[in-house]
Amino acid sequence: MRDRLKTLAWLGAVLVAFTLYPWAFPTKLNLGVVIVLFAGMATAWDVLGGWAGQLSLGHAALVGIGGYTLALLSLRAGVPPWWGLLAGMALTGAVAAVWGWIVFRLRGPYFVLSTIAVAEILRLVAINWKDLTGGAEGLFLRELPRPFGLDLFNRTVEFYLVLAYLGVALLVAWWLSWSRFGYSLQAIREDQDSAMAMGINPTRTKILAFMVSAALTAMGGSLYAIYLSFFEPHIVLDIGLSVELALIAYIGGAGTVFGPTIGAVVLLAAGDLFRNYFQQANLLIYGILIILVVRFAPEGMVGGWHALVRRLVRPAPGVPVEVRGERP
Amino acid sequence: MTTFLQVLMTGILTGGVYALVGIGLSLIFGVMRIVNFAHGEFVALGMYASLLLFQSLGIDPYLAIPLITVGGIALGAVVERGFIAPIIAAPEHVSILMTVGVGLVISNLLLFGFGAHPQSIFTWYSTKTVRVAGVTFSGPLSVSFLITLAVILGLYWVLTRTEIGRAMRATAQNRDAAELQGINTGVARMLAFGIGVALAAVSGTLLLPVLYVIPTIGGVFTLKAFVVTVLGGMGNVLGAIGGGLILGVTESLGAAYISSGYRDAFGLIAFLAVLLLRPAGLFGKSRV
């Protein structure tokens, strides 16, 4: 209980710290929006990929469905974006239910491969179904209504919108860190057969996790569509985006409340910093970091940090200090 | 009828190259139980290595094959020792992430070294064709197909007739039992990865005369290789040949008679269907 509230306090502190960003870096607002948005989407990915341990490399499909739903409803039917956002979340939730029902009978590498295949098929549909999606040329959100007089294309407004989104995503992750549902997911991740023996229905639980993860990802996808205002299948449905979300979460620390956020801050800030040196090759740093993390800190930066603190604060293992005094 | 034959033959020729890419992935999965997500990047690496050899030294891609093979085995062995061997006992998502990382490093280094613009080579035979009974065969693709056949036969011979081939097959069947028989399974895994990488790189060399190459082309081949191996059965090296041909023909027929825009989707749909209905592949039991 105390841990739970402590995490919640940290969560509030992180969000408050982020609210200062537009004042601190007024010239870097684009980067700020992307960092916070990707932190949110990586946290959403982590619900399935980290907490439930079902590595997905197809989450771009959910970003795309969210973005396209908002944009198409707005362009074709004049539906305001907040309804578009909710519609996108509902639709991806339903898609995830069906998708999960089909693919969760597969385990391990087969599951990962199936997520890639489904996402790629969706991308091809988006490119080829020109009448609906505008095809490879993409869609252009020319204008959006102004709720409470707020211009949704203003970067500062967008920053606080995506920050609210990150808040929602972090609250979900925080809920997973102490709820029964969260523990069920971790049990499945550690050992599906034992979890089943404990009375957890793995398929149903995983589908639920997928739905939560999908709806949250779609929420981010809708906001991404507004931020981009012009978007095409190549950006929002690409496998590169799926890989990026997975690596952000994993490098930061999969299955932790703050890991994906830390990963987004570190990777996207580093990407921006090195952009001048590496130009298009800025994903190099993702590759190098994931290799290092997998090799030396399998629990990501968060886990690596905890291990480091433990090693510094506590005496080295093998020197049982307390026991020594008790011996006769 | 001629059109149909034409489409079919083009599919078979393309399928041959897919098979070569897929066999490497299948061999690696069979022996090591890891899915190599960097597989397509090794195809791209083979393409760029051949490009470099052609442009700077004037070595024809087909003559570069022995060099690419040796280089591929060496590179694969080094990557296996340095990156895969240390995590071989870890859960499978670890090796997936590791190979994803290796792939990203390769494709971004290629981007760094060669730039993002598409490159190609032009040889005297690039546009040569052969006409048999009204069906036109692309010269380079036909040569690739013959070389692919030779490579597959060679691999089959290595796997069934040589000591190291038997060691690899034994490792694939049962690692512990293989070790009890005195087989160094670490060496077997290293060689399997090396051979797999070499097969991928050689496919890249074979494709260079007919394709443009860009640094990010690897992702396409990784996906194709997944489809081929799942159709043929993961770890089933002979099945991968069938998988490659099926994929090539499906794409070719689908693109000609249904929709060319969905060319890449046909393979993926077949892939999902096989994954869900016959996870062991179309050709039954897994066998290296």
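A residue counts as partly exposed when the number of other C-beta atoms within 10 Å of its own falls between the buried cut-off of 20 or more and the exposed cut-off of 12 or fewer. With that in hand, here are some close-up views of what is a predicted model.

**View 1. Arg33(B), a non-glycine residue with a positive phi.** The phi of Arg33(B) is about 60°, although this residue is not a glycine. Look for Arg33(B) in the loop that runs between H1 and helix H2 (39-57) of chain B. Because 18 other C-beta atoms lie within 10 Å, Arg33(B) is partly exposed.

**View 2. Ser229(A), a positive phi in chain A.** Here we move to chain A, where Ser229(A) has a phi near 55°, positive in a residue other than glycine. Ser229(A) sits in the loop between helix H11 (202-228) and strand E2 (230-231) of chain A. With 15 other C-beta atoms within 10 Å, Ser229(A) is partly exposed.

**View 3. The hairpin of E1(B) and E2(B).** Strand E1 (residues 129-132) of chain B pairs with E2(B) in the antiparallel sense, and 4 bridges join the two. To find your way along the pairing, note that Thr129(B) stands opposite Ser138(B) of E2(B). Between the strands are 2 residues, and in this hairpin Ala133(B) takes a positive phi near 50°.

**View 4. Helix H5(B) and its buried residues.** Helix H5 of chain B covers residues 139-161, 23 residues in total. From first C-alpha to last, H5(B) reaches 33 Å, close to the 33 Å expected at 1.5 Å a residue. Which residues of H5(B) are buried? They are Pro140(B), Leu141(B), Ser144(B), Phe145(B), Thr148(B), Val151(B), Ile152(B) and Leu159(B). The partners against which the buried residues of H5(B) pack include strand E2 (135-138), helix H1 (2-32) and helix H6 (163-173) of chain B. Helix H8 (185-207) and helix H10 (237-257) of chain B are also among these partners.

**View 5. The contact between chain A and chain B.** Chain B brings 34 residues to this contact and chain A brings 32 residues. On the side of chain B that touches chain A, helix H4 (92-114), helix H9 (218-232) and helix H11 (263-277) of chain B each supply at least two residues. H4(B) gives the most to that side, with 14 residues. By residue type, the side of chain B that touches chain A divides into 27 nonpolar, 5 polar and 2 charged residues.

Conventions. Residues numbered from 1 in each chain as written. Chains lettered and ligands numbered in written order. Predicted model: local features only at pLDDT ≥ 70, side-chain atom pairs only at ≥ 80, totals over all residues. Expected span 1.5 Å × (residues − 1). Contact = placed C-beta atoms within 7 Å. Nonpolar A, V, L, I, M, F, W, Y, C, P; charged D, E, K, R; others polar. Pairing = 2+ DSSP bridges.
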